[in-house]
Each structure stands twice: as C-alpha cells, then as structure tokens.
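This report sets out selected features of one protein model. The sequence and the structure come first, and the account follows.

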Amino acid sequence: MAVRLFNTLTRSAQPFAPLDSDGKTVGMYCCGPTVHDFAHIGNFRTFVFADLVRRYLEFRGYAVRHVMNITDVEDKIIRRVREAGTTLREFTGRYEAAFLQDFDTLLCLRPHATPRATEFIAEMIELIARLIERGIAYRAPDGSVYFSIDKYRGCGCKYGQLVKLNFDAMRVGDRVASDEYEKESLADFALWKARVPEDGDIAWPSPWGEGRPGWHIECSAMSMKLLGESFDLHLGGEDLAFPHHEDEIAQSEGATGRPFVRHWMHGAHLLVEGKKMSKSLGNYFTLRDLLAKGCTGREIRYLLITSHYRESFNFTLDGLAGARTALARIDECLAKLRETAAAAHAPANAALLEQFTAALDEDLNISAAWAVIFDWVRDCNRAIATGQLTPVAAAAALGAWERVDSVIGIGNKAEAEAPAGLLALLEERNAARKAKDFKRADVLRDELKSQGWAIEDTPKGARLKPL
Ligand code: AMP
Ligand code: ZN
C-alpha cells in the first residue's frame with residue numbers, strides 16, 4: 001500500500017511518489033513564520049501538521065529533507081521595526097528565537113534547514129533577473145519590478161493552478177504592491193520593491209536600484225536553492241494557497257520552465273467560535289498564554305493533531321482539558337505496560353502498527369489513527385487487569401508504541417525531555433544561584449514555569465520536570 005495524500009493541484013488524494021529515482025528521498029518545504037510577533041497556536045497548527053507529515057513519511061521509510069524558512073523581511077515586519085525604533089536583525093532575532101523555543105515545546109522536530117530570507121537576497125535577485133530576461137517581469141516607473149501575469153500566460157504557463165481565478169475581472173497592467181491581496185484584486189505583483197522613505201535603512205542594492213524583495217519571491221528562491229528547481233512537497237496553511245503559493249508557482253515555473261512542486265498540501269485553519277484564529281481579529285492565544293495557564297506543550301500538540309489536517313476545528317479551553325484526560329489515559333497504560341514488561345524484550349507487536357499505518361496511509365486520517373490507539377489502550381488495560389498480559393507481550397506492545405510515537409510525537413510524560421532552549425535557561429539559573437544572584441535565579445524559575453516546566457532539585461543537581 002502506498003501513502004495517499006490529497007494534492008491541492010489535482011484536488012484529489014493520490015499515491016505519493018517522490019521525484020527522486022531512488023524512490024526514497026523527499027524534498028519538503030513548509031512556509032515558515034513571519035517573525036514580527038509571537039506566533040499564535042493557529043500558526044502552530046500548521047507547523048505541527050507539517051511535523052506530522054514529515055514524521056509519517058519517515059515512519060514509512062522515506063528520507064525527508066525538511067526546509068522551513070524564516071520570513072525576516074516583509075511589509076508587516078518593516079512597519080513593526082519602525083514602530084519599535086530598533087534594527088531589523090534585533091527585532092526579528094527576538095521573535096525568531098521565541099518561535100523556535102515554542103516549536104521545541106510543541107515537540108516538533110527541527111527542520112534540516114531554517115533559511116532566513118535576508119540571507120538569500122542574492123538568490124532572489126538572480127531569480128528576478130531570470131524572469132526579466134524571459135520577458136515575464138518588468139520594471140515599473142518607481143523602480144520596482146513586477147511579475148506580468150499576462151506575459152506569463154502568454155508563454156503557455158498556467159496562472160491559477162491551486163485556485164480557480166476569474167481573469168475577466170483582471171485588467172492587464174494593473175499592479176498590486178502589497179504582499180497580501182484577495183483573489184478579486186488579481187493583478188501583477190511585486191518581485192522587488194524600490195526603497196521608499198518608510199523603509200528606513202532596510203534595503204539592499206540590486207541591478208534595479210536599492211530596495212527589498214517581495215514576500216512571494218523569498219520562498220521561490222529559498223526552496224529552489226535548497227531543494228532544487230523541482231521538488232516533492234510544499235506545505236502551508238490554507239490561507240497561503242492564494243496569492244502566496246500561486247505566485248510561488250508562477251515565479252518558479254516562469255524562471256525555470258519546469259514544474260515547481262509535485263504535491264501541494266494545505267492545512268485547514270484553527271478557529272475560535274467559527275472564525276479563523278488570527279492576530280487581526282484579536283481572537284488568538286500564543287503558546288505562552290496557554291503555558292501560563294498551566295497547560296503543557298504536549299497537551300497543546302495533542303489537541304492540534306486530533307483533527308484531520310483538512311478539517312478546521314474550534315479551539316476551546318475545554319478541548320485542552322480533554323487533551324489532558326486523553327494523555328493521562330495513555331500515560332497510565334504505558335506505565336502499567338512498563339511495569340509488566342520489566343526486563344522482557346520482544347519485537348514490536350505488528351497488529352497495532354498495521355492498523356495505525358492503514359489509517360494514516362489514507363491522507364493522514366489521524367482520527368482513525370487515534371481510534372486505533374485508544375482501542376489498543378483499552379485492550380491493553382483489559383489484558384493487564386485480567387492478568388493475561390505476559391511480560392513478553394507487554395514488551396511487544398511497548399515496542400509498537402515507540403514506533404507509533406515516532407509519528408505522533410507526544411512521548412511519555414515521565415520521559416519528557418525539556419527542549420534545549422529551556423535547558424539553557426536552567427543552566428543560567430544554576431549559574432545565577434552559584435553567584436548568589438537569587439533575584440535573577442527566581443526570574444529564571446518563573447520563566448521556566450511560564451513555559452510549563454518546574455525545577456526539581458535532586459542529589460544529582462537541578463533538573464526540569466513538566467508541570
Ligand atoms: P505567518 O507567520 O503569518 O506567515 O503564518 C505562518 C503559518 O501559519 C502560515 O502557514 C499560515 O497559513 C498559518 N496560519 C495562520 N493562521 C492560522 C490558523 N488560524 N490556523 C492554521 N494555520 C494558520
Ligand atoms: Zn512561503
């Protein structure tokens with residue numbers, strides 16, 4: 001059986017087959033965060049979804065190269081840097097570090113590469129130059145460079161691969177300077193934005209004068225540089241399908257003349273009372289907000305992966321309480337399995353793995369996979385309660401669980417390892433105590449607590465324990 005994944009390009013689930021002739025290596029790009037603020041858990045729904053895709057493909061034997069960019073220059077960031085009266089690097093550095101810390105707290109595997117847009121300006125300029133050379137991009141009177149949708153279509157290329165577009169509403173030559181716009185505002189979009197006074201010192205030299213890249217060209221340049229001109233999988237939240245991903249396809253295929261991405265996957269939104277969780281609506285929780293309420297990263301991760309990735313769902317605090325109960329059931333069962341297994345060893349039990357795989361092979365049907373897991377928990381509990389589970393059978397069950405957990409990534413409460421960023425805070429707190437700076441040590445203890453971790457002083461030294 002092959003893994004079948006829904007492809008936004010074909011609007012259907014199709015067997016996943018990597019481009020690489022070895023049939024094994026997979027290039028996967030997920031549009032990363034725009035580091036202008038703390039990410040909210042709606043954003044993280046998309047990143048946890050990408051983590052699940054990567055983990056599942058690895059479980060199925062693929063060698064995945066996972067790239068997630070960091071958007072550290074675009075319209076919103078420039079506005080916020082100006083308001084904060086600081087430098088671009090200082091501003092984005094703070095939110096990038098916070099993002100990666102949250103990413104770890106949610107038990108996501110770090111991508112193999114996390115390129116920053118500002119470090120790929122040369123590649124962006126080169127890509128824009130190729131588009132100009134092919135007659136698909138042009139300079140506007142203000143020195144900016146735009147992508148001509150009309151010329152692109154004139155080359156026989158298709159604009160509107162991910163979404164249906166109504167070209168009758170489009171007037172040739174109309175331009176949109178902003179990175180974000182609706183389908184109704186279909187127009188030529190900016191590849192290079194000429195420097196304006198509001199940009200302050202955020203500008204780079206280019207053959208077209210000083211300026212900065214548009215948001216869309218950033219992802220085309222970074223993904224093709226790191227994964228090749230054609231690669232397997234591109235992911236993001238459903239709001240990115242238009243214009244961001246449509247523009248990525250146009251820029252990339254316009255420059256190379258080759259198909260850009262074989263398989264597009266879009267995650268549905270996390271909602272609050274039926275509306276998309278978003279900064280602009282103000283209906284959001286950051287991860288930090290929830291940790292401060294006493295939730296753990298593990299519970300939030302669990303909640304974010306309980307629904308199918310193509311179904312939106314409402315976030316509620318009750319839902320989080322349900323996550324805690326569900327995890328406690330799993331933890332309790334695992335503890336009993338460990339007790340029963342004691343020193344026994346056995347190969348992983350195949351039945352659980354077969355059912356789990358059959359569920360996830362069908363476009364990552366996670367609801368079916370959870371049903372398999374909770375049936376298994378029930379059966380294990382029953383067998384333990386009636387004394388029918390031998391140590392060898394318990395060891396086999398634990399072996400299978402380890403494989404399952406390599407995909408869902410919730411680990412085990414008792415074994416939960418603190419992320420590296422938090423261990424660094426613990427070190428800092430130990431150093432502060434040594435230096436008798438107790439005030440600083442307390443601040444660090446509180447910071448760790450707000451991230452869901454308590455400090456436990458043991459004879460072997462201080463260690464972190466999930467709250
Ligand atoms: P941004 O940092 O705004 O560029 O967004 C990062 C990612 O979060 C993108 O893939 C968005 O599609 C995704 N995203 C934004 N809001 C939500 C939401 N409410 N639910 C799921 N994904 C979201
Ligand atoms: Zn992108």
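## Packing of helices α11 and α13

In this predicted model, helix α11 (residues 350–361) packs against helix α13 (residues 391–408) at an angle of about 20°, and their axes are 9 Å apart. Angles under 35 degrees count as roughly parallel, and the angle therefore makes α11 roughly parallel to α13.

On the α11 side, the contact is made by L352, L353, F356 and L360, which meet A400, W401, R403, V404, V407 and I408 of α13. By class, the residues of this contact of α11 with α13 comprise 9 nonpolar, no polar and 1 charged.

## The four-stranded sheet

An open sheet of 4 strands is arranged in the order β4-β3-β10-β11, and its pairing is parallel. The edges are formed by β4 (63–68) and β11 (261–267), each of which pairs on one side only. From one strand to the next, the twist averages 20°. Helix α1 lies across β3, β4, β10 and β11, and runs at about 150° to β10.

The pairings can be followed strand by strand across the sheet. Strands β3 and β4 are joined in the parallel sense by 6 bridges, and G27 stands opposite R65 in β4. Between β3 and strand β10 (residues 231–237), which run parallel, there are 3 bridges; M28 has L233 in β10 as its bridge partner. Strands β10 and β11 also pair in the parallel sense, over 6 bridges, with G267 in β11 as the bridge partner of G237.

## Burial of the strands

How many residues of β3 are buried? In β3, 5 of its 6 residues are buried, and the strand is mostly covered. For β11, 6 of the 7 residues are buried, so this strand is largely enclosed by the rest of the structure.

Because C31 lies in the loop between β3 (25–30) and α1 (41–59), whereas H244 lies in helix α7 (residues 241–256), the pair ties together parts that are 213 residues apart in sequence.

Are C31 and H244 buried or exposed? The cut-off for buried is under 20% relative accessible area. C31 has 5% relative accessibility and therefore counts as buried. H244 has 1% relative accessibility, so H244 likewise counts as buried.

## The surroundings of T296

T296 is located in the loop between α8 (287–292) and α9 (297–304). Its relative accessibility is 10%, so T296 counts as buried. When its neighbours within four places in sequence are left aside, T296 is in contact with L291 and L467.

Note on methods: Residues numbered from 1 in each chain as written. Chains lettered and ligands numbered in written order. Predicted model: local features only at pLDDT ≥ 70, side-chain atom pairs only at ≥ 80, totals over all residues. Heavy atoms only, no water. Helix = DSSP H or I, 4+ residues; strand = E, 2+ residues; numbered from the N terminus. Buried < 20%, exposed > 50% of the residue type's maximum accessible area, 1.4 Å probe, protein only. Axes fitted to C-alpha atoms, helices over the stretch in contact; angles between N-to-C directions. Parallel < 35°, antiparallel > 145°, perpendicular 65-115°, else oblique. Contact = heavy atoms within 4.5 Å. Nonpolar A, V, L, I, M, F, W, Y, C, P; charged D, E, K, R; others polar. Pairing = 2+ DSSP bridges.
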